Each structure stands twice: as C-alpha cells, then as structure tokens.
Amino acid sequence: MIAHLIRSLLQGILVILAVGLIAFSMFRFVGDPVASLAGQESTDADRAELTERLGLNDPFPIQFVRFLAKAAQGDFGISYRQARPVADLLAERLPATVELAVLSALFAFIIGVGLGVYAAINRRGLVANAVMVLSLVGVSLPTFLIGIGLIYLFAVELRWLPSFGRGDVLRFGWWTTGLLTETGRKSLVLPVLTLGFFQLTLIMRLVRAEMLETMRTDYVRFARARGIPERRIQFRHALRNTMVPVVTIVGLQLGSVIAFAIVTETVFQWPGLGALFVNAVQFVDIPVMAAYLMFVAFVFATMNFLTDFVYVLIDPRLKA
Amino acid sequence: MSIASQPGNAEAPKGLLARAWDSDVGYSFRTSPVAIAAAVVTIVIILATTFAGFITPQNPFDAATLNLMDGFTPPGEAGAGSGMKFSLGADSQGRDMYSAILYGSRVSLLIGTASVIFSLLLGVTLGLVAGYIGGQIEALIMRIADIQLSFPAILVALLVFGIARGLIHPSLHEQMTFIVMTVAIGLSNWAQYARTVRASTLVEKRKEYVDAARVIGLRAFPVMIKHVLPNVAGPVLVIATINLALAVLEEATLSFLGVGMPPTQPSLGTLIRVGQQFLFSGEWWILLFPSAALVIIALSINLFGDWLRDALNPRLR
Amino acid sequence: MTEPLLSVQNLRVEFPTRRGILTAVDDVSFDIQPGEVLGVVGESGAGKSLTGAAIIGLLDPPGRIAGGEVRLKGERIDNLPPDALRRIRGRRIGMVFQDPLTSLNPLFRIGEQLIETIQLHSGMNAAQARDRAVSLLVDVGIPAAERRIGAYPHQFSGGMRQRVVLALALAANPELIIADEPTTALDVSVQAQIIALMKRLCREHHVAIMLITHDMGVIAETADRVAVMYAGRIAEIGPVRDVIKHAQHPYTQGLMGSIPTLTADAERLTQIPGSMPRLTAIPAGCAFNPRCPHVFHHCRVVRPELLPAERSLAACWLHDAKARVSA
C-alpha cells in the first residue's frame, strides 16, 4: 500500500517535470523573450546585456533547473503583455476559478450520481430514457452554447441573473469570494451550471454504466439467490461497489476541472485563470501560458495523488 | 421446435451489401429509427455542404455579392437592398444566413474530418508501436495517453495553437489556420485510438501464430498487423465517429474563443461568435441558426456513433 | 413413497431471439426427495444451469419459463409473484455458484454478509446473528472462525471461500441447495475437500442438493441419483451406481466409455462422433439420433419419452419393444 502511494507520488512529480519541460521549452524557443522585454527601441548592446542578465547564455539544463526553482517559488517572470509579475496575475485570478470549479464539481457530482443511479435502476422507465437522451444531447452541446443559451434565457429574457462578471466580491487577504454577497451568488449560478453540465453528463453516464455492470456480477446474483430484497441489493451492495471506480474517476476529473473552465470563463467574462490563458494564447504571452500550464499540472498531480490515497482507503483489497 | 439440418442445402453466396443488411449489425440498424434518422441527417448534411455552391443563392464570403442594405433582414423577408429573399435572415453585412451556415458547416466538417484522420493515424500508429515494442516505450506512450485523456482537449488544442502562433510568422497566420487547427485538434484526440489498438496488439502478440511466424523466418510485425487491424477496425470506427463530433465541437469552441477560423473564412464557431454580439439587441437569427446547425450536426454524428458502438459490442448482443 | 421435496414437471425454458424461439430446456421432469443428492450432468450448453436457475427463479431475461411446473413440497413456485419468490430464496431453496471469488462481494467482510443473510431470514438480533454466523463458519470448516469472521473475501483461499459460500447458502436453513458447478473452479485436491464437506452438510442438516456439474467423477462421489442431460432434454435418470455401471442410453454409454480409468486396458478413449447440436438445429425425433450407433428409423421421427430401463429411466426407443419392431 505504501509502495503504491509512493509510486503515485513519484508519477505526479514526473508529470510536473514533464510539463515543466514543455513550458520551459516554450520560453526558450517560441517567441523572443529578449525582444518582448527589451522593446523596439533597444540597441544591440542593450539586448546583449539583457540576454546575459536573463541567463539565456547558460546551458539548457541549468536554465531548466533555474526555471523550475523559480517556478516552485511562484516566480514566473513578467507577463509580456501586461508587464506585471505573472505570479500577481495568477493570485488575482485564482479565487474566481477555484470557486467556480469547486461548486460546479459538487453540483455535477450530487446530481450526476443521483440521476445515474436512478437511470440504472429504472432501466426501461420513461424518465430514465429521457435522462439518457438528455445526456446524449449534453455531449453534443458545446459548453459555450450552453452558456449562451443560459444567458439568453435567464439574463436576457427573464432578467433574473446577471450575464457576466462575478458581481460584488469580498476580499480576505489575497483571496476574494463571491459567496458572501447576493450579487456574487447570483453571478455564480449560470457559470456553475454551465461548467457543471458537461461533468454532470459524464458522471451520470459513468454511474449508470458502472451500476448496470455491478448488477450483473456474480455476487449480486448470489445475494439475490439468498433472498435479499432488490432495493437493498441496489443501494447497499451495488451502490457501494459502483462508487469505488466512480470516486476514482471523479477525483481524476477534478484535477482538470480548472482547465475545463476555460470556455465557461470566456463566455461569462469570468475573471479567472482560464480567461487569462485564452488571452495569453491570443497574444502569445509565453510567461502566462507557461505559468498556467505549470499550475494546471500541479493541481492535476495533486488531485491524482489524493485520489489514489482515497482509493486505497476505500478498497479493502488494497489494504493487505 | 426442431429444425432438421440438411447438409445438402448450401446457400448461394450473397453480395457484400446483402450480407451486411442481413447481419446482426444490419438488423440492428434497420430496426433502430434513431440510427436511421441520424444516418440520413448526416448524409444530407455532408451532401449539402459539399455542393453548397449549387444550392445556395449566394456565396456569402465573396464580398462582391453582398449588399450592405440587406443587413439585419429578419428571416423570411426580402432584403431592402437587393430584394433577395433571405430564408433564414441576413447578418449585419447582408450575408444570407442559410448560405453562411452551409459554407460554415463545410469548413467545420472539413477541419473535423482532417483532424480525425490525423488523430487516427497518429493514435493507431502509436498504439501499434506501444503494443508491439512494449517495455519502456510502451509505458511512456501509455502514460502520456492516460494523462492526456484526463485533460480537456481544448487545453491541448489551445496550447498547440499558442505555440504555433509563436513559431509562425504573423503574415502567414491566416493561411495556416486550417493546418494549425487540424494539427491542434488532432493532437488532442489521439489517445483513445492508441489505447484500443495497443490492447488489441497485446492480445495478438501473445498468440502462437506470432511465434510460429518468427520460427519460420517471417517478420512477426507485418503478420501481426494483418491480424490486429481487422480486429480493431470496429472499435476504431466507433471512436472515429464520436471523435468527429468532438472535433467539430472543438473546432467550434476554438473559433468561438477567437483563436480559430477568422471571419473571412468562418466556421460555425466563428459565426456563433459573431452572432453573440447581437444576443441582446434582438437579431436573434444571426446567433440561433448557426447554433442550431452545429448542434444538429454534432447530435446526428453522436447518435450514429452511439448506435454503432452498441451494435458492434459483442456483449450486448 | 414420501412426497418429493422438489418436483419438476415438463419444464420448458425459452429464449426469444430474432431468429426465432430457442428452447434451451425442453420438457424436463424429475423429482428430488428430501435429503437426497441429485446429480445433473451433461456437456456445456445442455441446459443444466438454466434448469437450476429456472427452479430458483433467477433466469436472466429474455429467458423465461414457457411451460411446465415446479413444485416445492407440493406447492407451485414457478408462478409466484416476485416478492413471494424472493422469500423462498435463501429460506427454502439456496443456490451456490461456480466461482467463489466472484460470488462474494469484495467490499464487505464475510461476517457482514453472513449476518445480513441470517437476520433477513430470522428474527435474530445482531449478537445472536453473529453467534450463528460463527457457528456456521465452524460448521463448514473455517479455522479460527471467531477471528476470521471480520476478514474480507480476498483474504481467503479459493477452497476457503467456497466454504464461506456454502455457509452463506446454509444460513437460513434451506431444504434444498442448487449447486451449479461448485467445484469446477477449484484445484483437484480442494475439490475433494469441498465434496466431502457437502456430503457431510447434506447429512447433518438434512438438506437436499441438486448438484449440477459436467464432471462425472464428482457425481460418482457425491450423488444418490443422477440425471444426464443432452440438448435441453433428460437422456437418462436413475441411481448413480446403475447409471454409471449399466448406462441405458447410448449417450450415457458413450460418456462412460470416454472416461479414462486406471484399470482399463484401452489404448484409445471411446469418442462419440460429432457434437451436441446447437439449439437452433436440434434434429427431429431423438436429439441424439445423428450420433447414435444404434439408431433406427423410429428414432429419427418420434421424440422418445423417459421409458423404464432396468432400474433407471432412459429416453431411448431401444427400451420400447414395439418401437424397435417398427424400425
């Protein structure tokens, strides 16, 4: 068990290093950092001095290590486009994305599991089939269209909810939250629904499939053969077994929700990391792109490790 | 019930189409209204977009054919400038939405198909290599595939896009967009193919005929491929179909975000992006029709792919 | 004669498919006396497992019982509503499956699974149920039962798991246990132990067993009577010694001849030419007729019923003098 966890930890570190390599390579080979920072009026001498100062004449591995060291401290240099430290940009936008991601994941999980179990139990019912059709439509609807549709319905027609931004936020240290104000909460509704919808369809289909699979196992047959009531089998036996792979997969999904938020943030002009990244891509702002990648990789590796950890806890077969 | 078996009654060999119609898959298709509807819609769309030039009243991206006075004509009415009837309305520049949608769908489908072919070739090759060579290389490829599968394709596509933008000179940006998008979307979707093909390759590798081939001096790899490919054809086809829908949606998302096809050669995503500006001002048709077209395309491909997956799944039969 | 515990009459199990209706169990009849062990033997696909599943009401759809009756102590159980049927399961009829690894839920301790079954069928409280669970485990031969009751299935070996499965099947004191290939997934040495255990339990708890298997050796060891199934029908049924030593149906004779023994001198095992027909192509008349060395015209036309043949019953026209004359 411990060996398994250590291996998981090492893999996570490997992922971060690999992504770091990509991010660093972007820095070195894409665009010209010297030109971007020095500006157009600089002389050759200025540029040479800047090159030396940035350490760009050192060998590749040394630069890479230096890059990683600075990244570990949160230092990603200066944004090409906004001339501010990237770390500041990240800190500013992180809370918005985190709130959105966590709330949407919760929403997707609770509703997704509920609907998935229902669809598995009432396989042939009208509602179950409607739910499955809906999930299929959900897979065909791109997130941005869902967002636009919701905006149209709730912001334009009904005027119940705002169509962009976070509303009023309260600041606690460097963290800002929209949960404590009314406009903040209202602003969260549509983005959370939009971001959560796709996850919800995935979870729902997963839970339904796993549950159906579980209901076909020998131990469920044996439980039936012992006269155990069907409801009890569904909710005490099958559900328990279903949740093990579901929790694992959902945990892994969580690692990338932050990345999934890119589109939602754009549609709702949500001031988060995703919108920042899209901007950076449009203007080839390498430091920001690199920082975003590293951050996403870090979150991903962490969630992976935590999921492995939880998995070991809930599956007795691994405890030996 | 007893059916007497009479060995003398060999059936005349049937043609391929007849056999397909008679097979389990064919039966499943015939009796599934959803599959038939989805297939029909998809074929209609493909035909319509291919021959868009012949069935649309104008080429909306040839500026010479536009009349600014036609701008904002609601659906069903005639334009104030040219007097032409705009069945689905006109946008701010006087472009016929119906034409725009067909041309835009063509772009979307072209990019989608191109990227699927890219993903397929890349993924199948990597899967074969991983399965056959094994060892560290296999572990590496599979690890990368696993990681990539848990990330939204958008992220990978955006990343590739950003890098491409940095590497390609700005003057070439617009011309290269098609290729960059194909590569970007293609690179974000190869993992599923690799996984499936690798699994099949592993199964085949263990079979005795591989050793037998080696023993008599044949190279095992081509022999194995001959057996792996037919086995994976079914699942790969399913993946490709669903992948196509995903690729079309991904392309739309990228264009919507502003990093995809430009307004001069728009895809459905670009049209939606443009149409979003008019969400609040009441010219709903500029947004709604491209959106509906996108959803219909993705939905029919998805439905068809879903049916195909169930039909080819031996366990459900 | 005492009333049979289980009486199966003309049971028919069908599977509607798009190619037509497949009859997997065709007009099968037999009885099981209280406390007796009836072996049901046959090749894969002969319909043995389906018969067992039909009796306990666990046929997987689209399979369904299309005809006949199943009576438990005289009362019909095949047409009961699902809830009543469920109450019979475990309490009066138990079932044991082939693979002990997959028969137990890996996430629950065996104690939990036992106690749940016990409490379901009796009014015991947790403490009483636990005591009974421990005593059941002791009964099936699990060492250190008191301690191991808190263990998980994966912590047991294959043979131990099958013992736990038997304990679970016995938990509510059923009168009949249907055992579907209970030893097939086990090592040969463990098989012997489980067989001995089943015999002992059968005696001590006065439980009848319907032992479904393809292994004639197990039948010889354990059963009192045996039914030989072929293509969904019973070919022969009778006391074990008689069927083995003096088989009355050509199929059974072929089976016996193909079992290698230590004492026989044969250089080649007897083989029955051909193979059991698929459900979609069962011949008219006797299902075995294309492969039978003693076939005559009547066999190809009329399906034989179970006819008295020495001390057994055999579905073969060789035992009907009139039919043989008309050949």
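**Entry 1: the sheet in chain C**

I started with chain C, where 4 strands form an open sheet in the order S2-S1-S4-S5, paired antiparallel. Strands here are DSSP runs of E with at least two residues, helices are runs of H or I with at least four, and both are numbered from the N terminus. Two strands pair if DSSP finds at least two bridges between them. At the edges I found strand S2 (20–32) and strand S5 (75–76) of chain C, each pairing on one side only. Strand S1 (residues 6–17) of chain C runs antiparallel to S2(C), with 9 bridges between them. I also looked up Pro16(C): its bridge partner in S2(C) is Ile21(C).

**Entry 2: ground rules**

A note to myself: this is a predicted model, in which local features need pLDDT of at least 70 and side-chain atom pairs count only at pLDDT 80 or more, while totals for chains, interfaces and linings use all residues. Residues are numbered from 1 along each chain as its sequence is written, chains are lettered from A and ligands numbered from 1 in the order in which they are written, and side-chain values use heavy atoms, leaving out hydrogens and water.

**Entry 3: chain A against chain B**

I then turned to chains A and B, where 38 residues of chain A are in contact (heavy atoms within 4.5 Å) with 36 residues of chain B. The two chains bury about 3400 Å² between them, 78% of it on carbon and sulfur atoms; buried area is the accessible area (1.4 Å probe) that two parts lose on being put together, summed over both. I find 1 salt bridge across this interface, taking a side-chain nitrogen of Lys or Arg within 4 Å of a carboxyl oxygen of Asp or Glu. Arg205(A) and Asp306(B) form it, with their closest N and O atoms 3.5 Å apart. Several helices give two or more residues to the side of chain A that touches chain B, among them helix H1 (2–29) and helix H8 (182–215) of chain A. H10(A) gives the most, with 7 residues. That side holds 29 nonpolar, 7 polar and 2 charged residues, where Ala, Val, Leu, Ile, Met, Phe, Trp, Tyr, Cys and Pro count as nonpolar, Asp, Glu, Lys and Arg as charged, and the others, Gly among them, as polar.

**Entry 4: inside chain A**

Last, I checked the domains of chain A: domain 1 (1–80 + 284–320) and domain 2 (91–272), with bounds from an automatic or database domain assignment. Their C-alpha centres lie 30 Å apart. The contact takes 12 residues from domain 1 and 11 residues from domain 2 of chain A. About 990 Å² is buried between these domains, 78% of it from carbon and sulfur atoms.
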